[in-house]
Amino acid sequence: MRFAVVMALCGLCAGTLLGADNWPQFLGSHGDGHADTTDLPVSWSETSNVVWKTPIHGRGWSSPVIWGQQIWMGTAKEDGKEFFAVCADKDTGKILHDIKLFESEKPDFCHALNSYASPTPVMEEGRVYMHFGSYGTACLDTTADGKVLWSRKDLPCNHWRGPGSSPILYQDLLIVHYDGYDLQYIVALNKNTGETVWKKTRDVEYGTTDGDVMKAYSTPIVIDVNGQQQLISTTSKAVLAYEPLTGKEIWRVRYDGFSSTARPIYGLGMVFISTGFGKAQVYAIKPDGTGDVTDTHVVWKANKGVPSMPSFVLVGERIYMCSDSGVASCLNALTGATVWQNRLEGQFSASMLFAEGRVYFPSREGTTTVVAAADEYKVLSENKLEDGCMASPAAIGKSLFLRTKTHLYRIENK
């Protein structure tokens with residue numbers, strides 16, 4: 001019963017994005033890494049269970065999003081001077097569109113673990129919204145050869161180590177984080193015109209003038225708390241809840257972490273976040289307060305094996321996560337107690353995927369380890385591809401879609 005309630009709450013957050021046939025945003029229909037699929041492959045290799053494999057030019061960690069027959073993702077020249085929207089056919093892998101959207105004469109520095117095209121697009125019927133941080137945001141008509149309906153390049157931010165936050169849709173708004181070295185704010189755009197509806201400057205005590213500690217890469221979620229809609233937004237040094245239609249702050253929790261990257265998740269009446277870099281911690285927070293609730297609404301904290309970059313998944317009363325260095329953990333979501341912890345092969349940036357009682361952990365080296373979502377640690381398979389996964393996986397129907405540093409794969413049981 002409790003698991004059913006959790007899934008129902010997640011469904012409220014997804015709005016019109018629901019549907020097992022689509023994967024319209026970062027971490028799927030619900031934004032929580034859960035795949036509404038059956039018969040996903042457990043084992044594969046370069047010569048087994050690969051339906052097609054398509055090269056993707058440039059360098060981009062943007063995860064694939066899927067609507068109908070189309071798979072969209074962002075990519076960029078490695079030097080950050082040109083930015084593209086790429087669309088592949090779901091059935092064949094054929095590239096349908098390769099559209100140059102933006103140029104930058106003097107792009108800012110980008111870290112080797114990041115790319116200039118790391119933000120994941122968001123889709124809905126007939127539209128895809130491409131985002132490259134301050135380098136540009138554009139709305140494309142997916143029914144008219146990717147015609148650009150509107151674009152913005154006037155939202156400043158020095159990402160310093162590269163952009164990472166992905167856009168989300170809420171009603172008629174496209175909401176995006178700009179947490180940079182120099183400026184830190186959230187902006188909500190009219191999804192139909194691209195015009196700014198509201199803009200909220202971060203009001204956070206960073207405790208430093210070092211912009212490298214002020215930046216962040218997280219993607220927000222919208223949740224329903226007793227009929228109140230809340231935009232849950234993690235950044236450096238704090239997580240804040242805002243009214244999604246206005247940007248008015250509802251509550252905040254302060255922490256020591258910076259450069260937060262993982263997407264928050266919601267269930268069991270709590271918001272779960274990773275505080276980012278520094279000494280990463282998981283916080284479980286009751287979202288029913290107002291003002292600064294740091295001392296009153298944090299239910300528990302955990303600090304062993306916590307990821308700075310990969311998002312984690314909540315399954316029933318368990319959280320499954322993997323640290324950047326490969327420590328996989330299962331936590332009791334009600335208490336934060338460790339159920340099990342083991343080391344996986346490799347380093348990790350991509351977020352995990354949950355489907356049919358299994359958790360998929362894709363590594364930077366190209367091995368995806370599949371582990372049972374259970375109270376005992378059990379590896380079901382280890383699956384090697386030629387190149388590493390920096391983008392997070394997608395899944396619809398019976399197919400798993402993996403983007404490596406060089407290719408997009410469709411993987412399915414044959």
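Modeller: Ala, Val, Leu, Ile, Met, Phe, Trp, Tyr, Cys and Pro count as nonpolar, Asp, Glu, Lys and Arg as charged, and the others, Gly among them, as polar. This model is predicted: local features need pLDDT of at least 70, side-chain atom pairs 80 or more, and totals for chains, interfaces and linings use all residues. Residues are numbered from 1 along each chain as its sequence is written, and side-chain values use heavy atoms, without hydrogens or water.

Colleague: How many residues lining the largest pocket are charged?

Modeller: Sort the lining by type. Nonpolar residues number 13, and polar residues also number 13. The charged residues in the lining number 3.

Colleague: Which residues are closest to the centre of the largest pocket?

Modeller: The largest pocket holds about 560 Å³ of space. Its lining has 29 residues. Closest to the centre are L113, N114, Y217, T261 and M309.

Colleague: How far apart in sequence are the parts that R127 and D141 tie together?

Modeller: R127 and D141 form a salt bridge (a Lys or Arg side-chain nitrogen within 4 Å of an Asp or Glu carboxyl oxygen), with closest N and O atoms 3.7 Å apart. R127 lies in strand 7, residues 127-131, and D141 in strand 8, residues 137-141, so the parts they tie together are apart in sequence by 14 residues.

Colleague: Is D141 buried or exposed?

Modeller: Buried means under 20% relative accessible area, exposed over 50%, and partly exposed in between (1.4 Å probe, protein chains only). R127 has 28%, so R127 is partly exposed. D141 has 12%, so D141 is buried.

Colleague: How many residues apart are D212 and R161?

Modeller: Their side chains meet in a salt bridge, 2.8 Å from N to O. D212 sits in the loop between strand 13 (196-201) and strand 14 (221-225). R161 sits in the loop between strand 9 and strand 10.

Colleague: What relative accessible area does D212 have?

Modeller: R161 is partly exposed because its relative accessibility is 25%. D212 is buried, because its value is 16%.

Colleague: Which strand holds R254, the partner of D292?

Modeller: D292 and R254 form a salt bridge, with closest N and O atoms 2.7 Å apart. D292 lies in strand 21, residues 291-292. The pair ties together parts 38 residues apart, so R254 lies elsewhere: residues 249-254, strand 17.

Colleague: Which residues do salt bridges with shared partners join into one network?

Modeller: The structure holds 18 salt bridges. Some share partners, and these join K77, E82, K100 and E103.

Terms used
1 Å grid on protein atoms, 1.4 Å probe; cavity = no way out; pocket = protein on both sides within 12 Å on 5 of 7 lines; lining within 4 Å. Points joined across faces, edges and corners; volume = space filled by probe spheres on them. Helix = DSSP H or I, 4+ residues; strand = E, 2+ residues; numbered from the N terminus.
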